[in-house]
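I open these notes to record what I looked up in this structure. The entries go from the core to the sheet and then to the protein overall.

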Amino acid sequence: MTTPSSPTSAWRPGMPGGDTLPSGPAGRPAAPSGDGHGPETGPPTVTIGSYPDYPSAQRVVDHLADNRFPVEHTAIVGTNLTLVETVLGRMSTARAALVGAGSGAWFGLFIGLLFGIFTVGNWIAVILVGLVIGAIWGAVFGAVTHAMTGGRRDFTSASSLRAGQYAVTVDAQFAEQARQLLGRLHLGAGQPSAR
């Protein structure tokens, strides 16, 4: 058991001077900076426009860039995020085996190429054997994996995040300059016109 070197260096919560934490293996901890509500986010920003789709917000930032605005002080912020899972089709055991065969064939081709590099004889045969064996194992693995789900997910899908609105924000010190440049773009109701 170790004892502190001096009685004043011991940490005693609730005692005067005991509000500081004792030092640990990494040294004495520092108090967090900022207001205690999360990490510092940089300079304050101003929203200069809100748009219903990403291409409109992108067009605004592109217009600013074309007019030599320091676009490194801008951001496109998507709000009202929604997760959308688009169903691509039905998944059967045969289709799972086919998809697995395709993945396995690519892996087999890779392994065949590695072995083919170091083969003295017929290296094309080594590559083809790797491709065929990979396709067979991939098909078996794909079919077994799908069969093990017990029909709980008999479809394929792709997930994406979509925002309901896109805001273009600018550091506060550049907000007025950005607004003047956007005035030349002839914006109507917060949406840029076609160029």
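Entry 1, the core. I take a nonpolar core to be a set of buried Ala, Val, Leu, Ile, Met, Phe, Trp, Tyr and Cys residues joined through side-chain atoms within 4.5 Å. The model I examine is predicted. I looked up its largest nonpolar core and found 16 residues in it. I48, L64, F69, V168 and L182 have the most contacts inside this core. I then noted which elements give two or more residues to the core: β1 (45-51), α1 (54-66), β3 (155-171) and α4 (175-183).

Entry 2, the sheet. I found an open sheet of 3 strands in the order β1-β3-β2, with antiparallel pairing. β1 and β2 (74-90) stand at the edges and have a single partner strand each, so one side of each is left without a neighbour in the sheet.

I looked up the antiparallel pair β1 and β3 and found 6 bridges joining them. S50 has A167 in β3 as its bridge partner. I also noted that α1 packs on the sheet, where α1 touches β1, β2 and β3. The direction of α1 makes about 145 degrees with that of β2.

Entry 4, the protein overall. I recorded 4 helices and 3 strands, which follow the pattern β-α-β-α-α-β-α along the sequence. Of the 195 residues, 24% are buried. The protein exposes about 13,800 Å², and carbon and sulfur atoms supply 63% of that area.

Definitions and conventions
Residues numbered from 1 in each chain as written. Predicted model: local features only at pLDDT ≥ 70, side-chain atom pairs only at ≥ 80, totals over all residues. Heavy atoms only, no water. Buried < 20%, exposed > 50% of the residue type's maximum accessible area, 1.4 Å probe, protein only. Pairing = 2+ DSSP bridges. Contact = heavy atoms within 4.5 Å. Axes fitted to C-alpha atoms, helices over the stretch in contact; angles between N-to-C directions. Areas by Shrake-Rupley, 256 points an atom, 1.4 Å probe, with all protein chains shown as cover.
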